[in-house]
Amino acid sequence: MLARLSLSSSSPSSSPPPMGEQRQPLVYVSLDAARTLRKFHAVVATSGGLAPVCAVAEEARQYELWSCEGLSKSEVADLDDRLRVLTRVDRATCVDADRFVEMVRSRQAPSLRRSSLRKENDDSFEAYKKELDDRIFNAERDERDAFAAAQAQKKKIAAALSPQLLPKMPKARPRPALPRSTEAARKEREARAEAKLRALRLELEERDRRARRFDALACARRCLEPLTAEEEDRVDAALRARDFEAVQEKFNMPITGVQSSRLLPKQWLVDELINFYFKLMEQRDSKLVELKKREFPEEDATSSHFFNSFFFVKLLGNDGSYEYAGVRRWTKRFDLFAKRFVFIPVNVGNMHWTLIMIDLPNKIVRYFDSMAGSGDRYLNATFRYLQDEHKDKKKAPLLDLDDWTLVPTTDNTPQQHNGYDCGVFATFCAHWMAVDGTEPDFDQADVAHLRRRMMLSILDVDILI
């Protein structure tokens, strides 16, 4: 049950209002809402722990789940009004997380920008980012122009130099003719040297082929490549498809306009999209295994497995109680412990997408949450599932339990800056990690492109390698 903070009592150090002055009522902020506000502050804050009040307020206004944080509709409306007022605070005003929460609760008028007040619908944080990008672009353009001008000046100077000033190269002297016997011996020596050189070249090529390594990072980052004009048109048509118009029907998973429209900006991803893309990653994994066996014999060519989003629904049940029998038959056609990685999408309370990854060779269970959750419940349930699975399929307990490591969300896990991109973050964390355990290096700025790339992959039934 959500606990409510006292709104009427004041701290011991505060003094009562002067006689005749009316105390301003506070904005109600629940404990869960205060915790969420601090998370938004952490997204914007610098290394010193301070963040501009207006920037944090702008991020918090984009959050659409305040009603799930213990607030009624009227309290959500009051909170939104207060955040809208705080977005007008001068950008130079920076506070820590606790002070920001107190400013949200208080109804006192903040210090507004002296230059000009922002318009109601003006997204100043985005305007600030755009202005910063424009300055960087102009600086790079000026640098390129200066370099091009310097090169042109060098060419102009070189062309103006008199040919007489250039050094004269000595003429090659004709080689004297050798006697016939000496010429034959020379050709024989050259033929032997050429044969040795050819053999050495073949040996070096074979050594290079064996030493060559598969570029996992380049493979994972291919999804960041821009789309062609023709691909952009196909993606736009799929995103605008009618509700029950078929967009793709592969893997016995029909995708219609109802699901494809969820890849538009500011939309939550649904099970059908995530499960379809996990099937595509399983297909890509099979191709990578064959590629490594053929061209990279020294690389690990063990395959991975990708469960769908209903795994934890069956494992934990509707009431959250663990039940191995619900997923016991999911691995009857293959040996789970012969895989390299196992990926499981997690639907947290039908409100948030995260990811579980099992690294079987290194005995690691890892959790990825774009909102920095620890995921202890899902880590412990997965580890318990591995023990039950080993006992059921191998007829023996899982050995060396102390060697296993449960890893919650790490600091380098990409983090979302809003309340609706979690599905994209969870899916593409799996996209990166499935390629030889490559750490994800995308961020919030890439998400709009990744949504369109995901739609194109579904249309092509293929992921770039």
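How do the residues of the lining of the second largest cavity divide into nonpolar, polar and charged? Let's work towards that, starting with some background.

## About the model

This is a predicted model, in which local features need pLDDT of at least 70, side-chain atom pairs count only at pLDDT 80 or more, and totals for chains, interfaces and linings use all residues. Residues are numbered from 1 along each chain as its sequence is written, and side-chain values use heavy atoms, with hydrogens and water left out.

## The second largest cavity

A search of the whole structure finds three cavities of 30 Å³ or more. A cavity here is a set of points, on a 1 Å grid over the protein atoms alone, where a 1.4 Å probe fits but cannot get out; lining residues have an atom within 4 Å of a point.

The second largest cavity holds about 50 Å³ of space. Its lining includes Cys-219, Tyr-277, His-431 and Asp-462. As for the opening question, the lining divides into six nonpolar, two polar and three charged residues. Nonpolar covers Ala, Val, Leu, Ile, Met, Phe, Trp, Tyr, Cys and Pro, charged covers Asp, Glu, Lys and Arg, and the others, Gly among them, count as polar.

## The largest cavity

The largest cavity has a volume of about 90 Å³. It is lined by 14 residues, and Asp-285, Lys-292, Thr-302, Arg-340 and Asp-436 lie nearest its centre. By class, this lining has seven nonpolar, two polar and five charged residues.

## Two residues to look for

Phe-251 has a positive phi of about 60° although it is not a glycine, and Asn-252 likewise has a positive phi of about 60°. Most residues other than glycine have a negative phi.

How values were computed
1 Å grid on protein atoms, 1.4 Å probe; cavity = no way out; pocket = protein on both sides within 12 Å on 5 of 7 lines; lining within 4 Å. Points joined across faces, edges and corners; volume = space filled by probe spheres on them.
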